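Here are my notes on the model, point by point. Please read them beside the coordinates.

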Amino acid sequence: MNPRHLALAVGIAAVWGFNFVVMQTGLRHFAPLQYSGLRFALAAFPALLFVGRPGVAWRWV
């Protein structure tokens, strides 16, 4: 395993582990359903910027 792959594996494990701390802190301030919606919105917003608008009307989305 080259150093780049090792650094990526350690980075992913660190982000995944830190995610539990963020989830615990977030659930202290929000209800679980609200927190899931917030996480989805935060993940979907950059995706919309990179993917772009679909070729159908928004009412079908």
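**Notes on the helix pair**

1. Helix 1 (residues 3-29) and helix 2 (residues 32-51) have axes that come within 10 Å and cross at roughly 130°. Axes are lines fitted to C-alpha atoms, for helices over the stretch in contact, and angles run from 0 to 180 degrees between N-to-C directions. Helices are DSSP runs (H or I, at least four residues), and strands are E runs of at least two, numbered from the N terminus.

2. This is a predicted model: local features need pLDDT of at least 70, side-chain atom pairs count only at pLDDT 80 or more, and totals for chains, interfaces and linings use all residues. Residues are numbered from 1 along each chain as its sequence is written, and side-chain values use heavy atoms, without hydrogens and water.

3. Helix 1 and helix 2 are therefore oblique to each other. Angles under 35 degrees count as roughly parallel, over 145 as roughly antiparallel, 65 to 115 as roughly perpendicular and the rest as oblique.

4. Helix 1 contributes Asn19, Val22, Met23, Gly26 and Leu27 to the contact; helix 2 contributes Pro32, Tyr35 and Arg39. Contact means heavy atoms within 4.5 Å.

5. The secondary structure comes to two helices and zero strands.

6. The protein has a radius of gyration of 17 Å, whereas a compact globule of 61 residues would be near 10 Å. The radius is taken over C-alpha atoms, and the globule rule is 2.2 Å times the number of residues to the power 0.38. Along the principal axes, the C-alpha atoms fill a box of roughly 45 × 35 × 15 Å.
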